Amino acid sequence: MHRKRIKTDLLVHDLKGPLAVIETGITSLLQRREKYGPLTEKQEQALARTLRNTKVIQSLVNDILELGRSREGVVSLKNLKFSDLIEQALVEIFDLVDRNTSEKIKICADLPQLRETLEEKGLMLFMEEALWCQEVCLDEAKIRQILRNLLINALKYRKSRVELEVDKKDVYLVFSVKDDGEGIPAIYHKKIFESYFQMDVTDSYTVRGHGLGLAGVMILVEDMGGELFLESDKGKGAKFLVKLPL
Ligand SMILES: Nc1ncnc2c1ncn2[C@@H]1O[C@H](COP(=O)(O)OP(=O)(O)OP(=O)(O)O)[C@@H](O)[C@H]1O
Ligand SMILES: [Mg+2]
């Protein structure tokens, strides 16, 4: 590996320590009042917000390291249940965009309940009950990263509705993320997978994007031996479909 890359990865890696200290400190203040003293409502809110965002940085740091690992071609397979995979990915996403919903997702007992919670937020989940309970052998961190990036984009660019469909076809896991937003004109279908490319640079969202998400998704999908398809046109929403060998 290039020396400069190793040094950058090490810098990112070393952010993990201090971040863990911050996270533990805030969690203690919030959860161990008998030891650390009472909090006013405003203090509690501020701390909760700080904790939430510390977790966001932690997950970003993990993402950077995970991408590095992927570049080296390391795939770490693990048996896991679809239900856990999907639920955890959704909690991570809603922690970033809507914390109340992420709390609700955590306590969902089954697929119908989860569906209902998501529907309230305009996110439709299409998946068979039988698959939901099934175990698969996958690289969990990578799949979660892919899902997170596609879903966050869809939630960002939709008008009102996002559809997540998960299916198993023969020896492939196929999932798609579809939104009803402005869509992507055909001339950009290659470009959007290039690092730092964004169609609309006057990004008005609170957390500014960098045009890196889809470039990363493409690398992860390729590393797992999968394929990524995009169906979209101007004014017609966008559908990203990922097909991974199991
Ligand atoms: N679902 C979508 N609908 C419309 N345009 C999209 C969609 N997803 C991605 N794009 C376009 O592709 C560009 C690249 O997406 P990508 O996820 O790589 O970057 P980003 O979301 O802008 O920033 P980042 O993911 O780095 O935070 C976006 O800036 C946007 O112009
Ligand atoms: Mg993105």
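## A nonpolar cavity

The lining of the largest cavity is made up, by class, of eight nonpolar residues, with no polar and no charged ones. Please keep in mind that the model is predicted. A search of the whole structure turns up one cavity of 30 Å³ or more, and the volume of the largest cavity is about 40 Å³.

Which residues line the largest cavity? They are Phe82, Leu85, Ile86, Ile143, Leu147, Val166, Leu173 and Phe175. Helices α5 and α9 and strand β5 (172-179) each give two or more residues to this lining. The largest share, three residues, comes from α5.

## Where α5 crosses α9

The axes of α5 and helix α9 (residues 140-157) come within 9 Å and cross at roughly 45°.

On the α5 side, the contact is made by Leu85, Ile86, Gln88, Ala89, Leu90, Glu92, Ile93, Leu96 and Val97. On the α9 side, Glu140, Ile143, Arg144, Leu147, Arg148, Leu151, Ile152 and Leu155 take part. Sorted by class, this contact has 12 nonpolar residues, one polar residue and four charged residues. Leu85 and Ile86 of α5, along with Ile143 and Leu147 of α9, belong to this contact and are also among the residues that line the largest cavity.

## Where α5 meets α6

Now for another partner of α5. At what angle do helix α5 (residues 82-97) and helix α6 (residues 99-106) pack? The angle is about 160°, and the axes lie 7 Å apart. Since angles over 145 degrees count as roughly antiparallel, that makes α5 roughly antiparallel to α6. In this case α5 passes α6 in a left-handed crossing.

From α5, the residues in the contact are Glu87, Leu90, Val91, Phe94, Asp95 and Val97. From α6 come Arg99, Thr101, Ser102, Ile105 and Lys106. The class count here is five nonpolar, two polar and four charged residues. Leu90 and Val97 of α5 take part in this contact with α6, and both are also in the contact with α9.

## On to α7

Helix α6 has a further neighbour to look at. The axes of α6 and helix α7 (residues 111-119) come within 10 Å and cross at roughly 170°. That makes α6 roughly antiparallel to α7.

Here Thr101, Lys104 and Ile105 in α6 meet Leu114, Thr117 and Leu118 in α7. By class, the contact of α6 with α7 has three nonpolar residues, two polar and one charged.

Finally, let us turn to an open space. The second largest pocket holds about 590 Å³. It is lined by 25 residues, and those closest to its centre are Lys55, Val56, Ser59, Glu92 and Asp95.

At least two lining residues come from each of α2 (16-31), α4 (41-71), α5, α6 and α9. By class, the lining of the second largest pocket divides into seven nonpolar, six polar and 12 charged residues.

Notes: Residues numbered from 1 in each chain as written. Chains lettered and ligands numbered in written order. Predicted model: local features only at pLDDT ≥ 70, side-chain atom pairs only at ≥ 80, totals over all residues. Heavy atoms only, no water. Axes fitted to C-alpha atoms, helices over the stretch in contact; angles between N-to-C directions. Helix = DSSP H or I, 4+ residues; strand = E, 2+ residues; numbered from the N terminus. Parallel < 35°, antiparallel > 145°, perpendicular 65-115°, else oblique. Left-handed = near helix turned anticlockwise from the far one by under 90°. Contact = heavy atoms within 4.5 Å. Nonpolar A, V, L, I, M, F, W, Y, C, P; charged D, E, K, R; others polar. 1 Å grid on protein atoms, 1.4 Å probe; cavity = no way out; pocket = protein on both sides within 12 Å on 5 of 7 lines; lining within 4 Å. Points joined across faces, edges and corners; volume = space filled by probe spheres on them.
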